[in-house]
Each structure stands twice: as structure tokens, then as C-alpha cells.
2 protein chains.
Amino acid sequence: MTANRTEAYEIINADGTGPAVILCEHASNHIPADYDGLGLEPSARDSHAAWDPGAEDLARRLSEALDAPMIAGRISRLIYDCNRPPEAPSAMPERTETIAVPGNVGLDEAARAARVARVYAPFTRATSDLIARRGSADTPFALITVHSFTPRWMEQPRAVEIGILHDTDARLADAMLAQEAPGRQVERNAPYGPADGVTHSLCLHGIANNLPNVMLEIRNDLIATPAQQDRIAAELLGLLRPALARLKLGEAHDA
Amino acid sequence: MTANRTEAYEIINADGTGPAVILCEHASNHIPADYDGLGLEPSARDSHAAWDPGAEDLARRLSEALDAPMIAGRISRLIYDCNRPPEAPSAMPERTETIAVPGNVGLDEAARAARVARVYAPFTRATSDLIARRGSADTPFALITVHSFTPRWMEQPRAVEIGILHDTDARLADAMLAQEAPGRQVERNAPYGPADGVTHSLCLHGIANNLPNVMLEIRNDLIATPAQQDRIAAELLGLLRPALARLKLGEAHDA
């Protein structure tokens, strides 16, 4: 039995029995003090490079509406990106789209292993335990990860507003994409997809457990305020609830 | 017994027995659809005029750390400002610092009464009930309200970072201000104070119940990200815990 809150993660609604378990790997930009801010300017530590703005607030709304247990990372992706395996260079990136990360340059094996032990291992173990505990309720459920992306990338605007991402198991993504989303630019595997290495959590926790699974990527200018988060949560629930029902998940929880 | 969640408010950690009850009147910029956005541009509906950015996230951290029940408003202050009495013009402002609010111009008595009934009355009743329920635990507690303010006002920068506001009962404010806050600009009744009409909740729920009470105003550029919110929460707890203890509140909860 893992704790509900540690330095590396926080579990919300741990005893929820709804039709999903929700992950929010990039919830926080917190950099523990002993990393000296990774040598970054404050503006970089507060930017989307360090976390997914709006994702946790959105995920909490989905967690509450679906009575779904949720786990949120509590350490910046720049220390360790919990949606990446330890061997991926992007797990501890030396640079991102726009910034260099001095504190990540030339990390030796011991330093990398220490970050895995401090961030990735506890987050991953707690996620596995949460899924096992939810599994013991003996009603089927899906795995949903919640992320946000920037309106511009390399100075180019992105038209996509909601990305529905999947790896080899497209059951839940297909069922969501079968719904109408009037006035909303919803796309499959956009603004990036499995070839970009972003489906680690889906593979590790979803596909490995044969759970229907999907990664939701929301353009962060659409989830910057509580009212926007309410609205996008309602829109996503409009796609998710019929999709979960189609997969015979959660009809009893469709409150 | 009131519900824990309605259109007007949400109660978090309803059964907490820590040494405080926390209010966050301006948590959301949500404007129900039938108000047609009050005729505002989206940029105005998302701005600090409509809510206190960062305040709810900060208040939730204090609620968790203190095991304090908390109530958050779920409707924009531009519809009804729950920290104002119904008779105050600023309860449904026709304009703010920088924006005119077309949907609030020339409201007749029926329209004003309808907003009181829909927003202020349920928020206030739920707060009273929450305080009564917490009071039944028979251990003393304080009332804390959490707000945020903008770094600039009428184009002038504000140096104050944390405002400790009070009305006629200064017990908790005095005890907080007696602590050191190195490197942090903490001021009494700044950037505004009781003469500006901002102590309605303190008077209505704090002073009327003889609860030690304080209003915390945080400059919103300091609580824009989770890491910043963690830091300011820790700093505030460094002031609050000794202050609560000095008032013989919550020593058993000083975890």
C-alpha cells in the first residue's frame, strides 16, 4: 500500500470506483531546492517547459465527475518526465523547444539513476498500485492521461485544440472520435503521437493491463481559467461518457 | 445540512477538524450561460477582474496542510461578489479598474435580488453552516479568507507581496505580523483595507462568531504556478502556525 502523498506524487479521490483511472504526469513545475533550479531563469521554471498548465485542474474536474481516482506528479518534468522511460533522453532533457536546461547537461549514470529513484520509480509504483487497487473493485475501467500543449510551436500556431492520442490500442480513442464535437478542433494523434515517444504511460499502465486507454492533449490557452476548465471538462465528458459506455465501462457511474 | 457542491459554491475537506475554516470567495470566473457573458470580451472574462487567479490553488494547499474545511465560490465575482453585502454597488459592479461590465449596468431591484438569491445567499448560508458544523467539534478555530491582487493598479506597480488584512478584530493578523518573513514584503491592511469595503466576510462570519479572523491577499504573480503556490503556502504556514498557536488554536494539528 503506497501513501496518498509523497514528494513525487499525489493521489486524489483514491477510493473512487468510477470507470477510469486518471494520470496527470506533468501537473507541477516544482523543482526541489537541492537541484538549484536546474540553472534556469525563473521565467523558464514557470513556463510550459516545466509543466502542463491547466492539466491538473482539468483532470481534477474529470476525476470528480467520473468518480475516478487520479494521480498527479508533484515534481517538474524537467527533473524527470514521468511519461518517459528512464532510457529516453527526453526523460531528463538537456534542452526543450525554447530553453537550454543547464542542470541536465552531461548527467552521469548515478545522477540519472538518482532521479529515477526519486521521481519516476515512486510515481510509477504508486500508479501501478492505484490501478491494482481499482482493479480489485471488479468493475471495468479505462486509463486516461491528461496533458496540455502550447498554442504555438517553433513560432507556428497550432490549429488543433484537443488531441486524442493512442498507441496500438485505439479502442477508447476511436470511441471518443466517433462523437461529434461541434465548433471544436479535435484530432487524432495531434499535435504529436506515438512516434514522438509520448505514449509511455499508455503502454506501461494501459496496454500492459489490457485497459482501454487514451491520452488527452488540450491546447493550454483553452484551460487557463476555472471557467474554461469547466467548459472543456464538460466537452470532454460529452465525448468520454458515450465512449466509455460503448466499451461497456461505467454506465452505472454515468451520473 | 447543505450540499457540498452546488452551482454557487464547493466545499472541500468538509469534515476537516483543523484550527481554521478557509474561504475563497473569488475562486472562479464562471459566468452561467444565461448571463450572456455580461457583454464582456473573452479577455475580460478571463482576467483578474472576474476572479482571483491562484487564490483557490493556494487555499487548497492551506486547507490540506491545516486539515481545514474550505469553501470556494464557483461563480464569478462579476455576477455577484460574495465578499460584498447586497447593498454594496461593488457586489455587482458596473465597472472595475479597467473594464466596463455592460451586463451589470442599470440592474433593477428584481435583477439584483435574483443574483443575491442565486449566488450570495447559498454561498453565505453554506459558509454559516460549515462554521456551525466545525464549531460542533468543540475545538477552537479561526476564519481565514484567501484572495489575490494584481501586480499593478492603475498602471502603478505594487510593492506589497502579501497583505494581512483585518477589521476591528486584529488578533490573528497581529499574531501573524509578529513573525519574521525574510525577503518578503508583508504589510498590514495593504494593498487595501477595511475602509475599502473588503472585510465583509470577516465581519459577517468571523467577528459575528467571535472567531479570530484574517484576510490574506497575495500578489497574483507570486502564485501563478504550482511551484509558486507550494512556496507561498509554506511561507504563509510559517506565519499562520505560530500565530494560531499563540491564540491557543490548533496546536494538536500542527503537523
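This report describes the sheets, the helix packing and the chain interface of a predicted model.

## Basis of the model

In this predicted model, local features need pLDDT of at least 70 and side-chain atom pairs count only at pLDDT 80 or more, while totals for chains, interfaces and linings use all residues; side-chain values use heavy atoms, with hydrogens and water left out. Residues are numbered from 1 along each chain as its sequence is written, and chains are lettered from A and ligands numbered from 1 in the order in which they are written.

## The sheet of chain A

Chain A holds an open sheet of seven strands in the order E1-E3-E2-E4-E9-E7-E8, with mixed pairing. Strands (E, at least two residues) and helices (H or I, at least four) are DSSP runs, numbered from the N terminus. Two strands pair if DSSP finds at least two bridges between them. Strand E1 (9-12) and strand E8 (186-188) of chain A stand at the edges with a single partner strand each, so one side of each has no neighbour in the sheet. From one strand to the next, the twist averages 20 degrees.

E1(A) pairs with strand E3 (residues 70-73) of chain A in the antiparallel sense, over four bridges. Within this pairing, Glu10(A) stands opposite Ala72(A) of E3(A). Helix H6(A) lies across strand E4 (142-149), strand E7 (162-165) and strand E9 (213-219) of chain A, and runs at about 160 degrees to E9(A).

## Helix packing in chain A

The axes of helix H2 (residues 55-66) and helix H6 (residues 226-246) of chain A come within 9 Å and cross at roughly 45 degrees. Axes are lines fitted to C-alpha atoms, for helices over the stretch in contact, and angles run from 0 to 180 degrees between N-to-C directions.

H2(A) passes H6(A) in a right-handed crossing, a term used if the near helix is turned clockwise from the far one by less than a right angle. The contact (heavy atoms within 4.5 Å) includes Leu58(A) and Leu62(A) of H2(A) and Ala233(A) and Leu237(A) of H6(A). The residues of this contact divide into eleven nonpolar, one polar and four charged. Ala, Val, Leu, Ile, Met, Phe, Trp, Tyr, Cys and Pro count as nonpolar, Asp, Glu, Lys and Arg as charged, and the others, Gly among them, as polar.

## Chain B

Chain B also has an open sheet of seven strands with mixed pairing, in the order E1-E3-E2-E4-E9-E7-E8. Strand E4 (residues 142-149) and strand E9 (residues 213-219) of chain B pair in the parallel sense over seven bridges, and Thr145(B) has Met215(B) as its bridge partner in E9(B). Helix H3 (residues 109-135) of chain B lies across E1, E2, E3 and E4 of chain B, running at about 175 degrees to E3(B).

Helices H2 (residues 55-66) and H6 (residues 226-246) of chain B pack at an angle of about 45 degrees, with their axes 9 Å apart. The crossing of H2(B) and H6(B) is right-handed.

## The interface between the chains

In the interface, 19 residues of chain B are in contact with 19 residues of chain A. The two chains bury about 1300 Å² between them, 43% of it on carbon and sulfur atoms. Buried area is the accessible area (1.4 Å probe) that two parts lose on being put together, summed over both. In chain B, Glu64(B), Thr225(B) and Pro226(B) lose the most area to chain A, together 29% of what that side buries.
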